[in-house]
Amino acid sequence: MNLNSIKKSIKGDFTGGLTAAIIALPMALAFGLQSGLGPEYGLYTAIILAIIASLIAGTKTLISDPTGPMTIVAATIIAGASFSMNPETAWPNIIATFALAGLFQIVFGLIKVAQYVKYISYPVLSGFMGGIGIIIILFQWHSFFGTERPGGIIDIISDLHNPLLSPDLSSLILGGSTLTLIYLIPLISKKIPAGLLALIIGTFISFLLDPTFNTIGKIPNNLPEFEGAKLLNFDFTNISSVIVGALTLAGLGTIDTLLTSVVADNVTKTKHNGNRELIGQGLGNFVSSLFGGIPGAGSTTGTVANIKSNGTSNISGIIKGLILLVVLLGLGQYLQKVPIPVLSALLISVGIGIIDFKGMKRLIKIKNSDTLVLILVVALTVFADLLVAVGVGMVLSSFFFMQRMGELVDQ
C-alpha cells in the first residue's frame with residue numbers, strides 16, 4: 001500500500017468513525033436511560049465496547065453500541081434486581097450478570113458457535129426483531145405523551161388509551177416534532193445525522209415550550225468510575241438467576257452482532273471472522289460492565305454509516321469510541337438538558353425501524369407453518385422471554401422443515 005492509499009484509508013476511517021459517533025451519541029443516551037441505570041451508562045458502553053471490540057476486530061468495519069434488543073434484556077435484569085429501590089444492593093447482581101455475559105460470549109467465540117447462527121430461520125428472526133420493536137415502542141409510549149408509565153407489558157398495553165385521551169400537550173408537541181424531524185431530515189439529505197439534529201432541535205424547542213420539562217438528569221463529565229469492586233458484595237444465592245440472565249444476553253448479543261457482520265460483508269464484499277468478533281464483543285462487554293456499562297453488540301445502523309462514510313478498517317471503530325470519550329469529558333454538562341420526550345421519540349423511531357414490516361406482511365399473507373412460527377415468536381418475545389422465543393421458534397421451524405422433507409420423500 002502506497003502513501004496516498006494509507007492517507008486515504010486513514011481519512012476514510014476518521015470520517016467513518018466521526019459519522020458513527022454522531023449517530024451513536026443520542027442512541028447511547030436513550031438506551032442508557034431506558035435500561036434504568038442512567039444515560040451515562042449507555043455512553044460508557046458506546047465508548048468502551050467500541051474501542052475494545054474494534055481492537056480485536058473480527059469484522060473490520062463493524063461498529064459496536066448499545067442496541068435495542070440488548071437494552072430490553074438489560075432493563076429487565078436491572079428492574080429485577082430492584083435497582084431503582086436499592087442501587088447498592090442491586091449493583092453486584094447487575095455487574096455480575098453483565099460481566100458473565102461477556103465471558104460467555106468469549107467462550108462462544110472459542111468453541112466456534114458463529115457457524116451455527118446461519119441456521120436460524122427467517123420467520124424466527126423476523127418475529128424476534130418485530131417483538132423487540134414492539135417492546136421498545138410500548139415502553140416509550142407513556143413518556144412520549146408525558147404521562148406516567150405503569151408497571152409491566154400487560155399494564156402498559158391495558159393503559160395504552162389513557163395517554164391518547166389525556167396527554168400532556170407540551171410533551172406531545174415536543175415528542176411529535178422530534179419524531180417528525182427524524183423522518184423528515186433524511187428526505188432532505190441523507191448526509192445529515194437525523195437523530196442528532198432532532199435531539200438538538202427538540203431540546204431547543206423544549207426551552208420555548210416549557211423550561212421545567214423532565215430531562216435525562218445529571219451526566220458526569222469525567223472518566224467512568226470503576227464499579228467492579230462491588231462484585232465483592234455479590235450474594236451467591238443469586239447465582240442461578242445471574243447465569244440465566246447472562247446466557248440470555250450472550251446469546252442475544254451473539255445473534256445481534258453476527259447478523260450485523262453479515263450486513264457488513266454484503267456491503268463491503270468481504271468476509272468476517274465471526275468467532276474472533278465474538279471474542280472481541282465478549283471482552284468489550286466484560287470490561288464495560290466493570291465500569292457500569294450496559295451490554296451492547298454490533299450496530300447495523302452505525303456499521304452501515306461507517307462504511308458509507310468510507311470507513312475501511314477497525315481504526316474507524318476506535319476513533320468512534322475516542323470521539324465519544326471527548327464528548328463525554330467536554331459536553332456532559334450540556335447533555336443533561338435533553339428532555340425525556342425527545343429521547344422517547346428517538347427510541348420509538350428505533351422500534352419502528354427494527355420491525356420487519358415487509359417480511360412480516362409477506363409471512364402472514366402466505367398462511368402456512370412459517371406464519372405460525374412468526375406469530376408465536378412475536379408473542380413470546382413481547383410477553384415471555386427473548387431467548388425462549390428464539391428457542392421455541394427454532395424448534396418449531398426445524399419440526400416443520402422435517403415434516404415438509406418427509407412429505408417430499410413420500411411423494
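Student: Where does Ser82 lie?
Tutor: Ser82 sits in the loop between α3 (68-80) and α4 (87-110). Keep in mind that this is a predicted model.

Student: What makes Ser82 partly exposed?
Tutor: Its relative accessible area is 31%. Buried needs a value under 20% and exposed a value over 50%, so Ser82, at 31%, is partly exposed. The phi of Ser82 is also near 60°, a positive value in a residue other than glycine.

Student: Why is Lys367 called exposed?
Tutor: Lys367 has 72% relative accessibility. The cut-off for exposed is over 50%, so Lys367 counts as exposed. Lys367 is in the loop between α15 (357-366) and α16, and its phi, near 50°, is a positive value in a residue other than glycine.

Student: Which helix holds Ser369, and why is Ser369 called buried?
Tutor: Ser369 belongs to helix α16 (residues 369-383). Its relative accessibility is 16%, and buried means under 20%, so the label applies to Ser369. Not counting residues up to four places away in sequence, Ser369 touches Phe400 and Arg404.

Student: How do you know that Gly133 is buried?
Tutor: The relative accessible area of Gly133 is 0%. That is under 20%, so Gly133 is buried. Gly133 is placed in helix α5 (residues 122-145).

Student: What does Gly133 touch?
Tutor: With residues up to four places away in sequence not counted, Gly133 touches Gly351, Ile354 and Ile355. Gly133 and Gly68 are 65 residues apart in sequence, and their C-alpha atoms are 7.8 Å apart in space.

Student: What makes Thr178 buried?
Tutor: Thr178 has 0% relative accessibility. Buried means under 20%, so Thr178 counts as buried. Its place is in helix α8 (residues 169-188). Leaving aside neighbours within four places in sequence, Thr178 is in contact with Ala198, Gly202, Val342 and Ala345.

Student: How many aromatic pairs does the structure hold?
Tutor: There are eight aromatic pairs. One of them is formed by Phe144 and Phe145, with 5.3 Å centre to centre and 80° between the planes.

Student: Why is the pair of Phe144 and Phe145 called edge-to-face?
Tutor: Two steps are needed. Ring centres must lie within 6.5 Å to pair, and those of Phe144 and Phe145 are at 5.3 Å. Planes over 60 degrees apart count as edge-to-face; here the angle is 80°, so the pair is edge-to-face.

Student: Are Phe144 and Phe145 buried or exposed?
Tutor: Phe144 has a relative accessible area of 9%, and Phe145 has 8% relative accessibility. Buried means under 20%, so Phe144 and Phe145 are buried.

Student: What makes Phe226 and Phe291 an edge-to-face pair?
Tutor: Their centres are 5.6 Å apart and their planes are at 80°. The distance is within 6.5 Å and the angle over 60 degrees, so Phe226 and Phe291 form an edge-to-face pair.

Student: Why does that pair tie together parts that are apart in sequence?
Tutor: Phe226 lies in the loop between α9 (194-209) and α10 (239-268), and Phe291 in the loop between α11 (274-289) and β2 (297-298), so the pair ties together parts that are 65 residues apart in sequence. Leaving aside neighbours within four places in sequence, Phe226 is in contact with Leu290 and Phe291. The C-alpha atoms of Phe226 and Ser288, 62 residues apart along the chain, are separated by 9.6 Å.

Student: Why does Phe291 count as partly exposed?
Tutor: Phe291 has 23% relative accessibility.

Student: Which residues form one aromatic cluster?
Tutor: Tyr41, Tyr44, Phe83 and Trp91 do.

Student: How many helices and strands does the protein chain have?
Tutor: The protein chain has 17 helices and two strands.

Student: Why is the protein chain called as compact as a globular protein of that length?
Tutor: Its radius of gyration is 21 Å, close to the 22 Å that the globule rule gives for 411 residues, so the description holds. Of the 411 residues, 53% count as buried.

Note on methods: Residues numbered from 1 in each chain as written. Predicted model: local features only at pLDDT ≥ 70, side-chain atom pairs only at ≥ 80, totals over all residues. Heavy atoms only, no water. Helix = DSSP H or I, 4+ residues; strand = E, 2+ residues; numbered from the N terminus. Rg over C-alpha atoms; globule rule 2.2 N^0.38 Å. Buried < 20%, exposed > 50% of the residue type's maximum accessible area, 1.4 Å probe, protein only. Phe/Tyr/Trp six-rings, centres within 6.5 Å; stacked < 30°, edge-to-face > 60°. Contact = heavy atoms within 4.5 Å.
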